[in-house]
Amino acid sequence: MSVDSPAQLASDTNPDPKRTPKVVPAPPRGDGKFSFAEARNLIGDLTKPNPRIYWTDFLLSIVGGFIALNATLHVPRLFWPAPWVIPVVIVSYLATVLLFMRSVMFIHELVHLPKEGFKGFRFAWNALCGIPLFVPSFLYYPHVDHHRRKHYGTDHDGEYLSLSHHSPWMIVGFIGQALIIPVLGLFRFVVLSPVCWLIPGARAFVHRHASTMVVDPFYERDDPSDKEMRIVVMQEFFCFLVGSGLIFRHKIVTGEWFDPLWIVAYSVAIGLLTLNEVRTLGAHRWTGDGGEMTFEEQLLDSVNYPHHPWISELWGPIGTRYHALHHLFPRLPYHNLGEAHRRLIEGLPADSPYHRTVATSLTAEIKALWRRARDRGKPAESEPSAMAA
């Protein structure tokens with residue numbers, strides 16, 4: 001088994017020598033298997049989330065996002081046709097997308113955070129981000145199915161598609177759906193929510209088919225518990241208020257129907273969703289065919305991007321660029337993933353499959369995915385590795 005050396009694949013994270021003893025790379029064992037015991041020994045002290053980091057990061061991101069959104073909306077109205085308006089709008093738009101992307105990605109952490117000690121953070125995230133952006137936390141509850149060994153890559157996993165086994169046009173469609181999701185999201189909360197309140201029989205269908213952030217459009221969500229349903233109804237009610245305000249606020253205030261915020265909000269939503277779709281394409285190698293996968297197949301189907309942090313942290317924020325590591329240890333807080341990855345790269349044997357989860361760049365992985373989809377059914381040929389340092 002040929003693998004890249006640990007030195008080649010070392011993470012960009014610089015450890016604190018006072019906190020972490022120097023990790024001496026282990027020699028090859030020769031069996032080429034991943035050992036949870038070895039890995040846990042290397043990262044066992046990194047499992048505790050730091051609330052101060054969560055609060056600071058999230059509040060700076062969401063407040064900055066709304067400031068940038070308002071600049072995108074109001075600078076042209078107030079200062080056009082000054083020559084500096086267009087570059088300012090472009091920068092503020094990009095800042096809005098990136099900061100909202102970072103804010104939204106905390107939904108991934110909410111699923112894995114301890115129930116105790118983060119109730120206030122969950123409430124604040126929904127109030128400031130989830131509900132205003134139409135991504136309340138209940139949409140992501142089924143994410144746990146993606147981490148179940150028996151479910152990963154099967155029909156029970158709503159976050160998986162066998163993209164390597166289908167036409168490349170499915171990849172195009174996967175990205176292109178960003179054009180319609182904003183409209184569907186508004187429809188879900190402004191139209192379908194009242195339908196569910198007025199016609200109880202509609203609730204089961206809407207909950208199973210239109211209440212989950214999914215990759216697989218055919219995924220069916222399990223029926224909720226009574227407690228979960230109370231949370232769903234409460235969150236969708238406030239999303240209904242936000243959506244109604246978005247539609248009617250300008251008419252109420254000015255008497256005119258057309259609201260410039262619609263164009264800005266839709267543009268930001270497309271930018272955010274497109275970025276997230278591209279990030280998702282690189283999170284896995286999508287080699288599963290719909291059947292149950294072994295642990296090693298699941299591990300090698302997931303990807304880490306430790307290199308070029310100033311770029312990869314923009315498209316893969318809140319630890320999502322360490323997706324393979326997250327699948328190994330879902331409860332590791334995002335702010336410790338870089339350090340955990342460094343320790344595993346240096347401490348695990350050179351023949352550990354973990355080394356092969358590392359990719360050099362997102363573009364290299366997506367190109368490799370495109371080639372696999374394009375060449376599906378053809379005899380296997382050697383493909384340039386996207387994992388070489």
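Visitor: How much space lies in the second largest pocket?
Guide: About 1,000 Å³. A pocket here, on a 1 Å grid over the protein atoms alone, is an open set of points with protein on both sides within 12 Å along at least five of seven lines. Points are joined across faces, edges and corners, and the volume is the space filled by probe spheres set on them. Keep in mind that this is a predicted model: local features need pLDDT of at least 70, side-chain atom pairs count only at pLDDT 80 or more, and totals for chains, interfaces and linings use all residues. Residues are numbered from 1 along each chain as its sequence is written, and side-chain values use heavy atoms, with hydrogens and water left out.

Visitor: Which residues lie nearest the centre of that second largest pocket?
Guide: Arg122, Ser137, Tyr141, Lys227 and Ile231, out of 26 lining residues; lining means having an atom within 4 Å of a point.

Visitor: And which element gives the largest share of the lining?
Guide: That's α9, with six residues. The elements giving two or more residues are α4 (106–112), α5 (119–130) and α9 (226–254). Helices are DSSP runs of H or I with at least four residues, numbered from the N terminus.

Visitor: How do the lining residues of that pocket divide by class?
Guide: Into 14 nonpolar, four polar and eight charged. Nonpolar covers Ala, Val, Leu, Ile, Met, Phe, Trp, Tyr, Cys and Pro, charged covers Asp, Glu, Lys and Arg, and the others, Gly among them, are polar.

Visitor: OK, cavities now. How many of 30 Å³ or more does the structure hold?
Guide: One. The largest cavity has a volume of about 60 Å³, a cavity being a set of points where a 1.4 Å probe fits but cannot get out. It has 13 lining residues, and the closest to its centre are Pro142, His143, Gly158, Glu159 and Thr212. By class, the lining has six nonpolar, four polar and three charged residues.

Visitor: Switching to helices: at what angle do α3 and α10 pack?
Guide: About 55 degrees, with the axes of α3 (residues 85–104) and α10 (residues 260–283) 9 Å apart. That makes α3 oblique to α10. Axes are lines fitted to C-alpha atoms, for helices over the stretch in contact, and angles run from 0 to 180 degrees between N-to-C directions. Under 35 degrees counts as roughly parallel, over 145 as roughly antiparallel, 65 to 115 as roughly perpendicular and the rest as oblique.

Visitor: Which residues of α3 meet α10?
Guide: Among them are Tyr93, Phe100 and Met101 in α3, and the α10 side includes Leu272, Asn276 and Arg279. Contact means heavy atoms within 4.5 Å.

Visitor: What about α2 and α5, at roughly what angle do they cross?
Guide: Roughly 10 degrees, and their axes come within 11 Å. The two helices are therefore roughly parallel to each other. Trp55 and Phe58 in α2 are among the residues that meet α5, where Phe121 and Trp125 are included. The contact has 11 nonpolar, one polar and no charged residues.
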